[in-house]
Every structure is written in C-alpha cells, then in structure tokens.
Amino acid sequence: MRVLVSGASVAGPVVAYWLSRKGFDVTVVERAPALRKAGGHAVDLFKPAMAIAEKMGILDDIEAKATGTDVIEAYREGRNRPHVIEVGRLMSAVSDRHVEIMRDDLSQILYDAGRDTVDYRFGESITEIATDDNGVYVAFERSSSQRFDLVIGADGLHSNVRRLVFGPESDYATWIGAYLAVASVPNYLDLHDRMVVTYGVDRMAGLYSAAQMADARAVFLFRPPRQIDYDYRDVAAQKRFLREAFEGLGPRVTRLLDEADRSASFYLDSITQLQMPGWSRGRVSLVGDAGYCPGPAVGGSTSLAVVGAYVLAGELAIANGDHSRAFAAYEQAMADYVTRSRAFAVGAAKRLLPANRSGVWAVIGAGLLVSHLPVFVTRALTKVTPRTVRLHDSVVVKDYPSDSALSR
C-alpha cells in the first residue's frame, strides 16, 4: 500500500518509520526545503515515548542529545535572590523515565532512523486532496499529482491536511489562555546545565541552553487579559506585542527582550488546544498536533505525538491496511490519553502562570519542596494520583509486532 505522510518534524518520521518497517510504501512531504533548523525549543519525552524510541533503536542517540539542564534558578518579580530547583528531582516526580531534548535534534534523529526506507521529499506541499473508493488523489505545489492509498496529516497544529479535508482550524481550535514565544539568542550567561527563570503575575520569562548548543533560547509564557488578534507573518509586530506583555518585569527580562528583538529566529503563537470529534475521514487520518494538540509547551504534546504515530502505524499493520478498521482502532486506543492530556494542559497553563503574587510563590515553593524531599517520597505522593500528575507513565501502549509481511 502507498501511504503519503505530510510533515517531517516528529509524528511524521515516527509513523513513516513504523509503516515502512511493516511493509508499506511510504512517502513523506515537507514544506521546508530541508529538516527545520530554525532554532526550535526543548521538548520532553516521557516513559511511553521513551519505550518506543528504544524499540526504534534510537534511545542512545536521544539520550546523548539531552539538554543536560540540572537546575532552575527561579526569581520572583522584584526579588534578586534566586531559588534553586533541582530538575532531576522535579521530573522524577512526574515520570520514571524522561529526557529533555531540543526539538531540532529529535527531528534529525527520527529522520535518520527511517531515511533509508522512506521517500522524503522536501520543499513540497499538498494543494488538493480528493478521495474515492480506489484511493486518494493528491495535487502538489511543485510536482505532478499522484494517487495514494492513504494520506496521513502529521503537519502540526496549523495542519494543511486538516484544513483541506476537515475544514478551517477555527472550527476545532480553543485558546487556553496563554501565549508562548521562543527566540534563539546568544548564550550571554554561559548556561549549559541551568535555566534562569523570572516569574511574575501571569507571565514567566527564562533563558536556557543545552550541552551541545553554542547559543541559547529565550522563552516567554504569558497570559494577556484577552486573546490577541495578530498577523503570524508580521514578526516585528509580534515582538512589540511581547515587549508590552513583559514591561516592568525587571532588568533580566529587559535583556531577554532586547536579545529577542535582535534574533532572526523568533516564534510566537497562542497556546491552542484542538478539540476534534475524530481524526479520520475516509482514507485520511491525522496524527500528533495535527489532530489532537493539547497545547504547546504545557500538555506533553511531543510524547503524545510519538505514541499516536506508533499506534496508528501498528493498527494499520494488524488490520492489513484496512483503513476503516485501523483508523477506528487508533482513535479508540488514543482517546483516553488525548482527553487526559487536554485536561492536564489546561491545568498546567493555570499553574505555570499564576494570577496573583501568592500563586507565584506557590509555584516556586512547590518546586523547592520537591527538590528537598527524598525522591522515594515525592514518587509515592505523586503515585496517589497517577492519571493526573503522572499522566504519561500511566499510559499503557499495545506492543505491536515490529515487522509485517504486508504486501506493498
């Protein structure tokens, strides 16, 4: 069977890897002219995604590229004394198995894992999708049209495949109250194993680097009183919007804003959650952020995408390519994980961006408490509510066969 996958970031390479291993003929198209190296930000892989990476034989590569952030130096607005939080202890309360890695590094590792058996086409995008009983007709921006048996949209929150098949993003997107901005900036604090964060009411700004990086990332999370209508193509206006949101938070943040203004690699977007009733229509299905983004930076969307891609490929294999049966099984298998990730993301956005000064102290205080309690105590406490705090570790993923004799 011929399968077209749109998107070569995380979910796309994972689903392509597993489908090719299971006998499918897979093509991946990516709008960018090459693997994206536009700065990116740090993402988290938790226990189920780590297990899938291990099955792919890439766990050592991922761990070798871990950011190496050991501590967070957290400042409260108007205070000059930092509170030191140990990242390892903090994350052990959330997951027994975790790694933080730069998104660009993860994409490269995932691409390398399947590049020999998958046809990757960069600098290409889909302009039209039409399905019938015999397959899917796909028109491309630069090359001639082709017919495929199935199409999988793995092209992120602002998915082109979803727009073409399911309708406009506005039909499914819900703003959960915050914005995220990331900029590539010089590592002027010489950070390699620590992150410096300043917390204020409804806003947080930080700077971090990674063991393998020469530069650093400035990251901003903030909650304005209302949703802002902005042009995603007007970067200068976005930077002005960001500066207004963080005005008065202190000299550390002013320096961050100055560096972000000079950055050629800048990203700002609303923290938006997708709430679709289903992720499949006919011979087309969505995976990862394209179908069920719980909210960038707050919902564990990278781990969710890896698991979803693995499950989708596995269900297609055991259904021997019967998309109706496989897509239904995929949605059923992922439904609970997606629902709980959405709820977790909404709660995380509120916790990370407290609405008052006492809430700011509570966020930092919770991190300090975890840093000082013995690991076995924090794990015992968080395991009382495994489906919330330890959301990802509570997910059980079916062990699909590694290979399949499916006829191409």
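User: In what order do the 7 strands of the open sheet run?

Analyst: The model is predicted, with local features needing pLDDT of at least 70 and side-chain atom pairs counting only at pLDDT 80 or more, while totals for chains, interfaces and linings use all residues. Residues are numbered from 1 along each chain as its sequence is written, and side-chain values use heavy atoms, leaving out hydrogens and water. Strands (E, at least two residues) and helices (H or I, at least four) are DSSP runs numbered from the N terminus, and two strands pair if DSSP finds at least two bridges between them. The pairing is mixed, and the order is β5-β4-β13-β14-β15-β12-β16.

User: Which strands stand at the edges of this sheet?

Analyst: Each edge strand has a single partner, so one side of it is left without a neighbour in the sheet. These strands are β5 (83-86) and β16 (266-274).

User: In β14, what is the bridge partner of Thr 198?

Analyst: β13 (residues 194-200) pairs with β14 (residues 203-208) in the antiparallel sense over 5 bridges. The partner of Thr 198 in β14 is Ala 205.

User: At what angle do the axes of α1 and α10 cross?

Analyst: Axes are lines fitted to C-alpha atoms, for helices over the stretch in contact (heavy atoms within 4.5 Å), and angles run from 0 to 180 degrees between N-to-C directions. The axes of α1 (residues 11-21) and α10 (residues 301-318) come within 8 Å. They cross at roughly 30°.
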